[in-house]
Every structure is written in C-alpha cells, then in structure tokens.
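User: I would like to go through this structure with you. Could you begin with the terms you rely on?

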Number of protein chains: 2
Amino acid sequence: MPFVALPGFRDAFPDALARRRRIFEVWRRVAARYGFEEYDGPPLEPLDLYTQKSGEEIIEQLYAFNDKGGRSVALRPEMTPTLARMVSARAAQLKKPIRWFSIPQLFRYERQQRGRQREHFQLNMDIIGEAGPSADAEVIAAALDIVRELGFGSGDVRVRVSDRTVLGAGLGGELGVRQEELGAVLAALDKFERAPEAAIEALEAALGSAERARAVQRFASSLVDPGPLLASGAAVSLNECVASLRAMGLGDFVDVDFRIVRGLAYYTGIVFELFDAKRALRAICGGGRYDDLLKQVGGVDLPCVGFGMGDVVLGELIADRDGAPSVEVAVDVFVVAVGAEDRPEALALAHALRERDVRVEYALKRQAVGKQLELAAARGAGHAVIIGPAEREAGEAVVRNLETKVETRVKLNELRRDYAFTR
Amino acid sequence: MPFVALPGFRDAFPDALARRRRIFEVWRRVAARYGFEEYDGPPLEPLDLYTQKSGEEIIEQLYAFNDKGGRSVALRPEMTPTLARMVSARAAQLKKPIRWFSIPQLFRYERQQRGRQREHFQLNMDIIGEAGPSADAEVIAAALDIVRELGFGSGDVRVRVSDRTVLGAGLGGELGVRQEELGAVLAALDKFERAPEAAIEALEAALGSAERARAVQRFASSLVDPGPLLASGAAVSLNECVASLRAMGLGDFVDVDFRIVRGLAYYTGIVFELFDAKRALRAICGGGRYDDLLKQVGGVDLPCVGFGMGDVVLGELIADRDGAPSVEVAVDVFVVAVGAEDRPEALALAHALRERDVRVEYALKRQAVGKQLELAAARGAGHAVIIGPAEREAGEAVVRNLETKVETRVKLNELRRDYAFTR
C-alpha cells in the first residue's frame with residue numbers, strides 16, 4: 001500500500017513548486033515596492049487565539065488538538081490573529097504606520113468539496129496605525145499591482161469596493177436597522193449573491209419580522225446601482241479611497257459595489273474583493289478595515305486595514321490564461337569528462353563554474369561521452385563543456401552549444417573567469 | 001492576559017525574518033548551482049509514514065493527533081519520508097539521477113531544553129538514483145559551498161566524513177560483531193562523544209557480554225586515528241568521495257573521522273556532519289547515504305544520499321561572527337506632498353516610481369512637510385521627492401538626498417522614466 005498525501009493537501013513537485021514560487025516572487029516584489037516588511041509567525045498557535053475572536057463555532061473548521069503538554073492548540077486558519085498578537089507585543093517600539101506582509105500556509109478542515117484544499121498559501125498585507133482611507137487605497141493598490149505584475153489588465157480582473165459603515169448608515173435610516181442588529185443583517189447580505197434564499201431566512205431571523213426583512217431585501221436589490229449610497233454623506237472615506245486609486249492610475253480596475261459585505265464580523269469600514277472579470281472563479285483576494293481587532297486580541301488600540309490573497313485561485317487564473325506551463329530547466333552547463341583520468345579536471349571546472357553562479361551538472365558515474373551528452377540534453381542544458389586528454393594538455397575545453405551543435409575551444413582560465421555561455 | 005506564541009515556537013519579526021531569508025537565499029542559490037530543483041510537500045502527513053520507518057517510539061517526539069475524519073496524522077518531523085513518498089509516486093517518469101531540494105518547516109515535540117526549538121526550517125538536498133560515491137561528494141560539496149557562500153572558511157567550519165560500511169567491516173573482523181548486532185552497536189557508538197557511559201551500557205546490552213563491549217570500546221577509542229580503517233579495502237568508496245572533494249578544491253574542509261556514525265538507523269554508507277571548527281555549537285548539517293529507505297516507504301528501489309541543514313545552528317554561527325545585525329531599510333524614496341492639492345500628483349508619482357521597482361512610501365495622512373520628512377528619516381529612506389504647487393506648475397519635483405541634504409530639481413518625466421536615486 002503506497003503512501004499518499006492526506007486529502008486536501010498538495011504535493012508540490014518541482015514544476016508546481018516553480019509556479020508557486022513565481023507567484024511568491026511577485027508578491028514579495030510588489031510588497032517591497034510599497035515599503036512592506038515581511039514577518040512570519042508559528043503555524044501552530046494556542047486555540048484561544050482563534051476562539052476569542054471568532055467564537056467557539058470556528059473550532060469546527062480548525063485542525064485543533066491537545067499537545068503532549070495538555071495545551072489546546074490549532075494549526076493557523078488565518079494570519080490576522082497572529083499579526084495582532086505580534087504587533088501588540090511590540091506596539092510601543094514599532095514606528096507607525098506599520099507596513100507588514102507575510103506568506104503563511106493556512107489550514108482549514110472543510111468537508112471535502114471538489115477542488116477545495118485544506119491548506120493554501122496566502123499573502124497577507126496589512127497597514128496598522130492609520131485610520132484614514134489613504135491606507136485602504138494603499139493596500140487595494142498593492143493587490144491590483146500584483147495582478148498587473150502577473151500580466152492581467154482591467155479587462156481581466158476587477159476590484160469591487162464597498163464600505164460597511166455606508167451600508168450601516170443606509171440600513172439605519174428609514175429601514176430602522178438598529179446597531180445591535182447590524183452584524184447579523186450584514187452577514188445575511190453577504191449571502192445574497194451566492195445563496196439568496198438562505199439570505200432571506202437569515203434576514204428574517206435577524207430582524208424578527210418578514211416585513212422588515214422584505215424591506216431590507218428591497219434595499220439589497222437596489223444596491224445594483226451604487227450611486228445613491230455613494231452620494232450619501234456616509235461615503236466620504238470611500239470616495240476619498242477611490243479618488244486615491246484614480247490618482248495612482250488604477251481607476252480602471254475599480255467598481256464601487258455595495259453588494260460586497262465580507263463574511264467576517266470583524267470588518268469595520270471599507271471592504272473589497274478582487275475577482276476575475278468573467279466571475280468564473282472564486283475571489284482572488286479579499287480584505288478591508290478592521291479597527292477593533294487589535295484591541296480585542298492584544299489590548300492595543302490601533303486601526304488596521306489589510307487583505308489576504310491565496311495562491312490557489314491566482315494559480316487557476318494564470319493557468320486559464322497560459323495553458324500548460326513550459327518545462328523548467330535547472331541546468332545551464334553540463335560538464336563532460338572523456339575518460340576517468342579527465343575526471344579531476346572536470347570536477348575542478350564544474351566547481352569553478354558553480355562559483356560563478358552557473359548552474360552545472362555532470363555525470364555522477366563513469367559513462368561514454370555519448371551517454372553523458374544524452375543526459376545533458378535530457379536536462380535541457382544549453383551547453384556541454386567537454387574535457388579530454390588533448391584538452392587538458394592544451395589547458396582548454398570544448399564548449400558545445402547543445403542547440404546549434406557549434407563547438408568552440410576555450411581556455412580553462414577563461415571558462416573559470418568569465419566566459420559567457422550565450423544560448 | 002496577552003497571547004504569546006507556544007513554547008518552542010518562534011515569532012519572526014521583520015528583522016529576524018530578514019536574517020532567515022538571507023539564509024534561504026543562499027540555500028536556493030547554491031542548490032541552483034548544483035542543478036537541484038525545489039519541491040515541497042504537506043506539513044501534515046499520515047502518522048504511518050513516520051512510524052513504519054522509525055518504529056512506534058517516534059510517536060513520543062511527534063505532534064500527532066486524530067483529525068476530524070478520524071485519520072491518525074502528524075506534523076512532519078523530517079522531510080525524507082515525504083521525499084520518498086513523492087519520488088516513488090513518479091519514479092518511472094523522473095530522469096535519474098534526481099536532484100531535489102526543499103526547505104520545509106519541521107516539528108518535534110521535545111521536552112523543552114534551553115534554546116531548543118520545537119520547530120525549525122531545514123534545507124534538504126538529496127540525490128536519488130545514483131549509488132556511487134560521486135553523488136555523496138556532490139551533496140557534501142553543496143553543503144560546504146553553502147557555508148563558504150555565507151563567508152566561512154576551512155578555519156571556521158569542518159566536515160567530518162565517515163562510512164558505516166567501513167565501520168561495519170572493522171567491527172565484523174576480529175571483533176566478531178554480527179550483522180544483526182551491527183545496528184545496535186552503531187547506535188551505541190554514535191553516543192560515545194556525547195555520553196560515553198550510556199554508550200558503554202548500550203554496547204553491553206547489544207553484545208550481551210562486558211568483555212565484547214570492552215573490545216568494541218577499545219575499537220571506538222582507536223578511531224581517533226582514521227588511518228588504519230581508511231587504508232582498509234572497505235574504504236574504496238570513502239576514498240573516492242574524498243578525492244572528488246579534493247578535485248573540487250574543497251579538501252581543506254574535510255576530516256575523515258570514523259567517530260561520526262549518525263543516529264538514524266536508515267543510513268547505509270557514507271555519513272557526514274558539518275561542525276563549527278571550535279565545536280561550540282551543535283552540528284550545522286548532517287547527512288549520508290540511505291539506499292534502502294525508498295524501497296521501504298515507496299516500494300521503489302533507488303539509492304539515495306542527502307543531508308539536512310537547519311536554520312537555527314547556522315543562524316547562531318552567523319550571529320556569533322557578525323554580532324548585532326544591522327537594521328533593515330525597507331524604503332528607497334519617500335514622496336512628500338506639500339499641500340492637499342498636491343496629493344494626486346504625489347500619488348501618481350509614487351505609483352510611477354513603484355512601477356520602476358523603487359521602494360516607495362509616503363505619508364498616509366495630511367501632515368506638514370517637516371513631519372513627513374521626519375517619517376522619511378525614521379524609515380531610513382535615501383531620498384525624499386517633494387511636490388508643491390510651484391513644482392507641479394513646472395512639471396518638476398525636488399529630490400532631496402536625506403543623507404547629504406543636497407536638493408536637485410528633476411523633471412517629473414525623468415523621475416517616472418529612469419532617474420537614478422544614488423545614495
């Protein structure tokens with residue numbers, strides 16, 4: 001019985017790992033441009049860190065267990081509680097605003113759905129210590145620049161921006177939704193696009209009357225046109241955020257859309273989601289402002305805004321565009337020793353080339369030159385460097401371009417120093 | 001009660017994360033030079049994957065639990081079983097020899113010892129499908145090139161190379177250690193340097209006689225001089241491995257030392273460990289040949305050699321040499337808007353500079369120019385780019401070198417295109 005990975009967990013063979021690393025590189029490059037510093041925390045945390053914020057019901061979705069010391073622990077399902085814990089621990093020393101990002105692997109035990117992973121990697125970018133809408137615009141711009149850096153335009157990817165305080169003001173007016181009802185109503189509105197019937201049921205439960213629920217439902221339907229709410233006095237921050245995105249030249253990507261609510265209860269203001277323009281995939285990225293969380297988790301009162309962007313949907317988006325990925329080549333130069341007595345010189349040269357950061361391989365067992373060249377071709381090496389007795393005598397090697405088959409004799413000194421292997 | 005990380009788990013604040021990433025970059029750079037491809041596997045695996053190889057007693061050191069689906073699972077304590085599982089699954093398609101590396105985070109529940117982590121990151125480099133000693137030399141050379149790339153010489157770091165088959169031949173001769181006793185005897189020898197009394201007890205238990213144990217003990221003491229064993233016929237592979245390392249110019253780092261045995265039972269030939277020359281720290285790296293493991297775990301019979309190198313001891317070695325690390329700077333340019341009406345132009349310029357991969361920050365709230373320049377200095381930015389009404393009028397900005405305080409007027413077009421911010 002051969003071993004296999006657990007259901008929902010991915011083996012990353014080199015081809016898949018290379019695709020993942022290209023995404024990570026873009027994440028890191030764009031985060032650096034925005035002045036963000038990388039941090040990381042433990043993948044295993046005290047269970048309380050998650051239940052305090054999200055309630056006991058989250059345990060159902062966690063990989064939670066008791067460790068050998070009797071502690072209740074969980075594999076991290078999200079990064080924000082760890083971020084809140086870490087920032088709170090050093091809040092006094094850290095210069096605000098704090099711009100931090102991380103690329104954690106996250107774990108959720110979800111009933112297995114088709115294509116759903118139980119783990120994924122997620123870029124988290126957060127600005128902590130700035131309450132104004134410039135910070136919201138900054139993280140939205142970074143999310144957009146990531147998809148732009150991956151080659152997607154405003155015809156491929158859209159950001160839908162909303163604001164829970166604007167929704168709250170709209171619901172609180174003539175609809176009379178009270179502050180203590182608001183959380184449940186917003187949670188119901190969040191369901192409208194995906195599961196309208198469940199949303200209506202949830203509204204009735206939240207508002208205690210079918211009539212009030214119908215009124216809110218009409219309000220929800222009216223959100224197709226963002227104009228009225230956007231013109232309301234509550235939308236000052238949201239308008240400023242959108243204006244900043246326009247000033248950065250990113251206005252083409254932005255749709256104000258109050259149907260975006262975000263499921264998590266801890267959001268307190270602007271919220272946003274990135275989608276593929278065709279809406280064929282799940283959200284590429286989601287985030288928003290959560291000004292109360294740090295106080296709850298760490299006892300430090302600092303406003304926060306940030307987002308999470310997973311590797312799975314982004315990978316699907318890239319694969320949909322690019323089709324089958326090209327094969328990775330791991331070798332530039334393959335060093336060939338003609339006979340056993342040429343081997344020490346071949347090893348010395350291989351090592352000298354590696355010192356120049358050339359990617360070098362050679363046959364680990366004694367083989368005929370033809371066999372060695374076959375392996376060189378199988379590896380996709382651009383050049384073979386062949387050393388035999390005559391070459392050693394002359395202090396040279398034969399450089400063979402494996403594509404054009406052109407051979408050149410080059411001094412060993414030059415190979416060691418700076419010879420350019422041009423493809 | 002503020003939350004803290006679990007005992008033995010590290011929070012990586014940006015300064016620590018930057019140090020970790022520098023190690024990872026060197027690992028990846030050297031692995032690439034050697035033609036290795038990166039892979040990754042799940043941090044959570046079926047428990048059986050570990051117990052089948054190492055026996056039930058390993059459970060004591062594992063983070064093992066039952067998941068919600070009733071599966072016995074464990075956080076990975078090492079990468080080799082996952083590697084064996086993955087290679088076995090694709091053994092037919094993969095061109096041999098396979099050169100793979102990975103940088104997994106590994107987990108062990110050890111009774112808390114001072115400075116001992118319960119998690120660490122470990123570079124794993126393995127060559128699969130080549131039985132000859134050139135493969136052993138290749139992975140040892142890569143391990144040495146990593147410490148060389150980090151700036152350490154043969155006066156700082158040593159590799160101690162040994163061979164369990166040579167030890168086995170030595171023990172099997174006039175000492176009469178039988179094949180079925182060999183595993184327990186080697187495990188006892190492995191303890192000699194650290195815990196000689198426990199080693200002697202283990203020898204007596206393995207050999208069933210104090211007299212035989214004393215004979216093996218004398219043999220162990222004689223290993224201070226590797227000469228006799230190295231001259232024996234069993235040492236052909238080991239001598240060839242060392243000769244290859246010399247040919248690569250790495251001979252200065254190598255000590256043949258038969259006191260190195262390696263604790264894990266699955267090693268079958270050459271074994272090695274890297275140490276700091278002063279022997280003040282634990283091993284930097286350990287590895288060797290394990291030709292039977294793939295067959296046991298995956299049913300595919302392929303010879304393997306490889307090593308693991310953790311981030312903790314390597315980090316200590318670097319810190320011992322370098323002292324307090326320098327502060328990381330995350331920003332190149334700080335864009336300053338003089339008034340509110342200059343802000344859109346400042347945002348446009350900030351975004352244009354980011355498109356050039358310049359690391360840019362600006363004040364997220366409206367502040368006086370002096371306050372903005374203070375934040376620029378606090379971030380360590382090299383330059384401020386200041387835009388006011390006069391500059392906008394002229395299509396220019398003031399570039400202020402924050403070290404020399406020299407100011408230059410530069411066209412916005414030039415800033416957007418290719419202006420070089422030289423420190």
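Analyst: Buried means under 20% relative accessible area, exposed means over 50%, and partly exposed lies in between, with a 1.4 Å probe and protein chains only. By that rule Asp418(A), at 48% relative accessibility, counts as partly exposed. The model is a predicted one: local features need pLDDT of at least 70 and side-chain atom pairs count only at pLDDT 80 or more, while totals for chains, interfaces and linings use all residues, and side-chain values use heavy atoms, with hydrogens and water left out. Residues are numbered from 1 along each chain as its sequence is written, and chains are lettered from A and ligands numbered from 1 in the order in which they are written.

User: What does Asp418(A) form a salt bridge with?

Analyst: Asp418(A) forms a salt bridge with Arg417(A), the closest N and O atoms being 3.7 Å apart. A salt bridge here is a side-chain nitrogen of Lys or Arg within 4 Å of a carboxyl oxygen of Asp or Glu. Arg417(A) is exposed, with a relative accessible area of 56%.

User: How many residues does the contact take from chain A and from chain B?

Analyst: The contact, meaning heavy atoms within 4.5 Å, takes 94 residues from chain A and 94 residues from chain B. The area buried between chain A and chain B is about 8,300 Å², and carbon and sulfur atoms give 58% of that area. Buried area is the accessible area (1.4 Å probe) that two parts lose on being put together, summed over both. Phe3(A), Lys68(A) and Leu364(A) supply 10% of the area that chain A buries against chain B, more than any other three residues.

User: How many salt bridges and polar contacts are there across the interface of chain A and chain B?

Analyst: The rule finds 16 salt bridges across the interface of chain A and chain B. The count of residue pairs in polar contact between chain A and chain B is 38, both residues being at pLDDT 80 or more. A polar contact is a pair of N or O atoms within 3.5 Å; within protein, one must be able to donate a hydrogen and the other to accept it, and residues adjacent in sequence count only if both atoms are side-chain atoms.

User: Which helix gives the largest share of the side of chain A that touches chain B?

Analyst: Helix α1 (residues 14-33) of chain A gives the largest share, 9 residues. Helices (H or I, at least four residues) and strands (E, at least two) are DSSP runs, numbered from the N terminus.

User: Which salt bridge does Arg20(A) form?

Analyst: Arg20(A) forms a salt bridge with Asp40(B), with the closest N and O atoms 3.0 Å apart. Arg20(A) lies in helix α1 of chain A and Asp40(B) in the loop between β1 (37-38) and β2 (44-46) of chain B, so the pair joins two chains. Arg20(A) counts as buried at 10% relative accessibility, and Asp40(B) counts as buried at 12%.

User: And where do Glu138(A) and Arg354(B) lie?

Analyst: Glu138(A) is in helix α4 (residues 133-149) of chain A and Arg354(B) is in helix α13 (residues 343-355) of chain B, so to speak of a pair that crosses between chains. Their side chains meet in a salt bridge (2.5 Å, N to O). Both Glu138(A) and Arg354(B) are buried.

User: Turning to rings, how many aromatic pairs are found over all chains?

Analyst: The search of the whole structure finds 23 aromatic pairs over all chains. Rings of Phe, Tyr and Trp (its six-membered ring) pair if their centres lie within 6.5 Å; planes under 30 degrees apart count as stacked, over 60 as edge-to-face and the rest as tilted. Phe13(A) and Trp100(B) form an edge-to-face pair, 5.9 Å centre to centre with 75° between the planes. Phe13(A) is buried, and so is Trp100(B).

User: Now Thr82(B): buried or exposed?

Analyst: Thr82(B) is buried, with a relative accessible area of 0%. Thr82(B) lies in helix α3 (residues 80-89) of chain B, and a polar contact of 2.7 Å joins the side chains of Thr82(B) and Glu45(B).

User: What does the side chain of Arg262(B) make a polar contact with?

Analyst: The side chain of Arg262(B) makes a polar contact with the side chain of Glu273(B) at 2.8 Å. Arg262(B) is found in the loop between β9 (254-256) and β10 (270-276) of chain B.
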